[in-house]
Amino acid sequence: MEDFAIEAPRTKTIVAMMNGLKVSDKKILVVLPESNRNILLSARNLQNVKVIPAANLNTYDVMNASSVLIAEGAVNVINEMLA
């Protein structure tokens, strides 16, 4: 998914994104290039959504999720960690 940002913490923004991607009924892991307070605050009330920065990505979180959404910028961070 493309990198995205929200200007203020709004849970309904995250819910709308999940509905648009048709993953709202699944356990979702959202991987961002860096920590984003607004996205974290927006998703914290959603039981099936976990948001982490790419630097904190681990096998357990990936295997525990039904869907993994990786922001474009996070791919670069992951590639740098693997190099």
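Let's start with Lys50, which counts as partly exposed because its relative accessibility is 40%. On that scale, buried means under 20% relative accessible area, exposed means over 50%, and partly exposed is in between, using a 1.4 Å probe and protein chains only. Before I go on, a word on the model: it is predicted, so local features need pLDDT of at least 70 and side-chain atom pairs count only at pLDDT 80 or more, while totals for chains, interfaces and linings use all residues. Residues are numbered from 1 along each chain as its sequence is written, and side-chain values use heavy atoms, leaving out hydrogens and water.

So, what does the side chain of Lys50 meet in a salt bridge? The partner is Asp61, at 2.9 Å from N to O. A salt bridge here is a side-chain nitrogen of Lys or Arg within 4 Å of a carboxyl oxygen of Asp or Glu, and by this rule the count comes to one. The pair links distant parts of the chain, with Lys50 in strand β2 and Asp61 in helix α3 (residues 59-64), eleven residues apart. Asp61 counts as buried, because its relative accessibility is 8%.

Strands and helices are DSSP runs numbered from the N terminus: E for strands, at least two residues, and H or I for helices, at least four.

Now, please look at the sheet. Its three strands come in the order β2-β1-β3, the sheet is open, and the pairing is parallel. Two strands pair if DSSP finds at least two bridges between them. At the edges are β2 (49-53) and β3 (67-70), each pairing on one side only. Strand β1 (residues 28-32) pairs with β3 over four bridges, and Ile28 stands opposite Ser67 in β3.

Next comes helix α1 (residues 11-20), whose buried residues are Ile14, Met17 and Met18. They fall within an arc of 95° seen down the axis, so they line one face of the helix; that arc is taken from the directions from the helix axis to the C-beta atoms. On the other side of α1, Lys12 and Gly20 are exposed. The cover over the buried residues includes β1, α2, β2 and β3.

Ser42 lies in helix α2 (residues 37-43). Leaving aside neighbours within four places in sequence, Ser42 is in contact (heavy atoms within 4.5 Å) with residues including Ile6, Thr11 and Ile14.
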